[in-house]
Amino acid sequence: METAGTRHVLGYATGYGVAQIAPFVLSLRAWFRGEVTLVVDSDPAMLDFLAAHDVRILHRGRVTGWRPHVAVERLATFDALLRRMPADASVLLTDVRDVVFQADPLSPAPTAIEAFEEPGTCGDHRFNMKYITALAGPGIADVVRNQPALCVGTVAGPAGELARMCRTLLMLSARPRSAMGGAFGADQAGFNIAAHLDLVPMVRCANFSRVATLGLVDGAGLRIVGDRILNPDGGASPVVHQYDRHPHLHAHIRALWSVDLPERRQLPARPILSRLRRQMESIRRRMPELR
């Protein structure tokens, strides 16, 4: 029997409007009665929508000094939340915008950290290898090059183990310097380093198990039967990630979960100072690092 506080789904959804996260929230609540926590912006429409679907709302804290990309920053928030839970609570840490649910994502309960494979090896993903090399050097990059590529966008496991994982990834992401280590991509690189060097014990799960990661999958082999997206073998995974990379799947999910909502909230243009800061960070990443 499900006990309050023992099953959690955690996600970061800043920068999005209701239409972009409606498929995530509505499909999750169709199957899952555990606790759901999302970090979001202070948008009244968003807050009303989440409250209506029993989603706990958090806002990004004010950070001074080193502020990494939100993909890395979220690890610190996840760690703080995880440490407040029972160590054996079942948790899914997940992306939000491109994730939809087709069954209870935490049934059966994970007994260890589950790292989900995506197509190819680490060496097949040039972006991933760039950051693996930046964080750990070319020697480590060669060690993990032929290992399965693992996706940090969906990770399941016991809360205590996931908290330690988040702290390990933050440590890895702070190297070799904040300009590179805190950038988008450092979280994925650190995750693969931690898994393949056994810095964090993980069970590596094949694609199309608990999670189907579809970004690099041939869309021709992905069918829709009824309301479900089927895997190439005809089965259906509880969690579908990166469905929006395939137009027929994206259209299906939008029609199913958010057809009456505006497609996208128009975000304000990035201020000039913010653009300048990003350009300076890009220049620093290309300069030789003094040790």
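Rings of Phe, Tyr and Trp count as a pair if their centres lie within 6.5 Å. Keep that in mind as you look at this predicted model, where ring pairs link Phe-127, Tyr-131 and Phe-184 into a cluster.

**Aromatic pairs**

How many aromatic pairs are there by this rule? The count comes to 4. One of them is formed by Tyr-12 and Phe-78, an edge-to-face pair with 6.2 Å from centre to centre and 90° between the planes. Tyr-12 belongs to strand E1 (residues 7-12) and Phe-78 to helix H3 (residues 70-82), so this pair ties together parts that are 66 residues apart in sequence. Tyr-12 counts as buried, at 8% relative accessibility, and Phe-78 is buried too, with a relative accessible area of 4%.

Phe-24 and Phe-101 also form an edge-to-face pair, with 5.1 Å centre to centre and 70° between the planes. Here again distant parts of the chain are linked: Phe-24 sits in helix H1 and Phe-101 in strand E5, 77 residues apart. Both Phe-24 and Phe-101 are buried.

**Two helices side by side**

Let's stay with helix H1. Two packed helices are described by the angle between their axes and the distance between the axes. For helix H1 (residues 18-31) and helix H2 (residues 44-52), the angle is about 10° and the axes are 11 Å apart. Why do H1 and H2 count as roughly parallel to each other? Angles under 35 degrees are classed that way, and therefore H1 and H2 are roughly parallel. On the H1 side, the residues that meet H2 are Val-18, Ile-21, Ala-22, Val-25 and Leu-26. Their partners in H2 are Ala-45, Met-46, Phe-49 and Leu-50. Sorted by class, this contact has 9 nonpolar residues, with no polar and no charged ones.

| Residue | Where it lies | Relative accessibility |
|---|---|---|
| Met-165 | helix H6 (residues 159-173) | 1% |
| Asp-98 | loop between strand E4 (90-94) and strand E5 (99-101) | 4% |
| Ile-224 | strand E10 (residues 223-225) | 31% |

Is Met-165 buried or exposed? At 1%, Met-165 counts as buried, because the cut-off for buried is under 20% relative accessible area. Leaving aside neighbours within four places in sequence, Met-165 is in contact with Leu-93, Ile-113, Val-155, Phe-191, Val-200 and Met-202. Another residue to look for is Leu-199: Met-165 and Leu-199 are 34 residues apart in sequence, and their C-alpha atoms are 8.7 Å apart in space.

Asp-98 is in a loop, and at 4% Asp-98 counts as buried. Which residue joins its side chain to that of Asp-98 through a polar contact of 3.4 Å? The partner is His-241. Not counting residues up to four places away in sequence, Asp-98 touches Val-240, His-241, Gln-242, Tyr-243, Asp-244 and Arg-245.

Ile-224 is partly exposed, with a relative accessible area of 31%. Which residues does Ile-224 contact, leaving aside its neighbours within four places in sequence? They are Ile-229, His-248, Leu-249 and His-252. For Leu-249, 25 residues from Ile-224 along the chain, the C-alpha atoms of the two are separated by 7.8 Å.

Technical notes:
Residues are numbered from 1 along each chain as its sequence is written. This is a predicted model: local features need pLDDT of at least 70, side-chain atom pairs count only at pLDDT 80 or more; totals for chains, interfaces and linings use all residues. Side-chain values use heavy atoms; hydrogens and water are left out. Helices (H or I, at least four residues) and strands (E, at least two) are DSSP runs, numbered from the N terminus. Buried means under 20% relative accessible area, exposed over 50%, partly exposed in between (1.4 Å probe, protein chains only). Contact means heavy atoms within 4.5 Å. A polar contact is a pair of N or O atoms within 3.5 Å; within protein, one must be able to donate a hydrogen and the other to accept it, and residues adjacent in sequence count only if both atoms are side-chain atoms. Axes are lines fitted to C-alpha atoms, for helices over the stretch in contact, and angles run from 0 to 180 degrees between N-to-C directions. Angles under 35 degrees count as roughly parallel, over 145 as roughly antiparallel, 65 to 115 as roughly perpendicular and the rest as oblique. Ala, Val, Leu, Ile, Met, Phe, Trp, Tyr, Cys and Pro count as nonpolar, Asp, Glu, Lys and Arg as charged, and the others, Gly among them, as polar. Rings of Phe, Tyr and Trp (its six-membered ring) pair if their centres lie within 6.5 Å; planes under 30 degrees apart count as stacked, over 60 as edge-to-face and the rest as tilted.
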